[in-house]
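These are my notes from one sitting with the model, written down in the order in which I looked things up.

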Amino acid sequence: MQRILARTGITLGGLALAVGSATVMAPTAQSAGTSTIARFEGKTIDLSEDWGAAKACNVQQGVIECFRTAEKSDARAAQQAKTASPSAALGYCSTPLRLYEHANFNLSPFPEGRILSFYDSGYWQNLGDYGFNDQTSSYRTGSCATSFAKDNDGRGTNPSNVFVGAWQSDGRMGGGTWNDLLSSVYLY
Ligand SMILES: [Ca+2]
């Protein structure tokens, strides 16, 4: 959820979202998602319900791990990347797509926002499963290009799907047109 920043025309190194191919589909439900169990400090939490004290979660090769800080999540992901087997490396993005709960990448004045990082490519991933449906207010793509969709499983219009290349970022979700609307992502 974005808290309102002063509208002073802040631009934050991001490219505007490029308009991709339009899809014509009926509106679909954007449910709260299915139960998604993550590891967090030796315990498990259900991200579709409550992140608790977790602030940064990594969705990686079917393993979901959460941390109190983005730095810890980055360190863990780097460790895992080094030990991944060749087969496991397929469909894997060495630097993830990062979704931020607040504008300006959760930096000041809203440093307490959550971050959800996706490492796996090749299929639509629904944000409601991670308690992140309609909450993204800024993003960074990593080593993989990504498509964004307004509804689950790549569906949705107004806005229609957009394609974002690798190594892009946007602190205001296309000038706000995508703020708190993102429901599914596809990494290539
Ligand atoms: Ca949505």
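**Entry 1: the sheet, from one edge**

I began at one end of the sheet, where strand 9 (residues 138-140) and strand 12 pair in the antiparallel sense over two bridges. Looking for a residue pair there, I found that tyrosine 139 has aspartate 170, in strand 12, as its bridge partner. I note here that the model is predicted.

Widening the view, I traced an open sheet of eight strands in the order 3-2-5-4-7-6-9-12, with mixed pairing. Its edges are strand 3 (43-46) and strand 12 (169-170), each of which pairs on one side only. I then looked for what packs on this sheet, and found helix 1 (residues 70-83), which touches strand 4, strand 5, strand 6 and strand 7 and whose direction makes about 20° with that of strand 4. For the chain overall I wrote down two helices and 13 strands.

**Entry 2: the other edge**

With strand 5, strand 2 runs parallel, and two bridges join them. Not counting residues up to four places away in sequence, cysteine 66 touches Ala38, Arg39, Phe40, Ile45, Trp51, Ala54, Ala56 and Cys57.

**Entry 3: the core**

Which residues have the most contacts inside the largest nonpolar core? In this core of 36 residues they are Leu47, Cys57, Cys66, Leu97, Tyr130, Phe148 and Leu187. Among the strands that each supply at least two residues of the core are strand 4 (56-60), strand 5 (63-67), strand 6 (92-100) and strand 7 (115-120), and also strand 10 (146-149) and strand 13 (184-187).

I also took two totals for the chain: buried residues make up 43% of its 188 residues, and, among contacts between residues at least 6 apart in sequence, 69% join residues at least 24 apart.

Is leucine 127 buried or exposed? Leucine 127 counts as buried because 24 other C-beta atoms lie within 10 Å, where 20 or more are required. Leucine 127 sits in the loop between strand 8 (124-126) and strand 9, and, leaving aside neighbours within four places in sequence, is in contact with Phe132, Asn133, Leu182, Ser183 and Ser184. I also checked leucine 127 against asparagine 152: the two are 25 residues apart in sequence, yet their C-alpha atoms are 7.8 Å apart in space.

In the loop between strand 10 and strand 11 I looked up asparagine 158, which is not a glycine but has a positive phi near 55°. A cis peptide bond, with omega about 0°, joins asparagine 158 to proline 159. Asparagine 158 counts as exposed because it has 8 C-beta neighbours inside 10 Å, and the limit is 12 or fewer.

My last stop was methionine 173, in the loop between strand 12 and strand 13. Methionine 173 likewise has a positive phi, of about 50°, without being a glycine, but this residue is buried, with 24 other C-beta atoms within 10 Å.

Note on methods. Residues numbered from 1 in each chain as written. Predicted model: local features only at pLDDT ≥ 70, side-chain atom pairs only at ≥ 80, totals over all residues. Core = buried A, V, L, I, M, F, W, Y, C linked by C-beta atoms within 7 Å. Helix = DSSP H or I, 4+ residues; strand = E, 2+ residues; numbered from the N terminus. Contact = placed C-beta atoms within 7 Å. Pairing = 2+ DSSP bridges. Axes fitted to C-alpha atoms, helices over the stretch in contact; angles between N-to-C directions.
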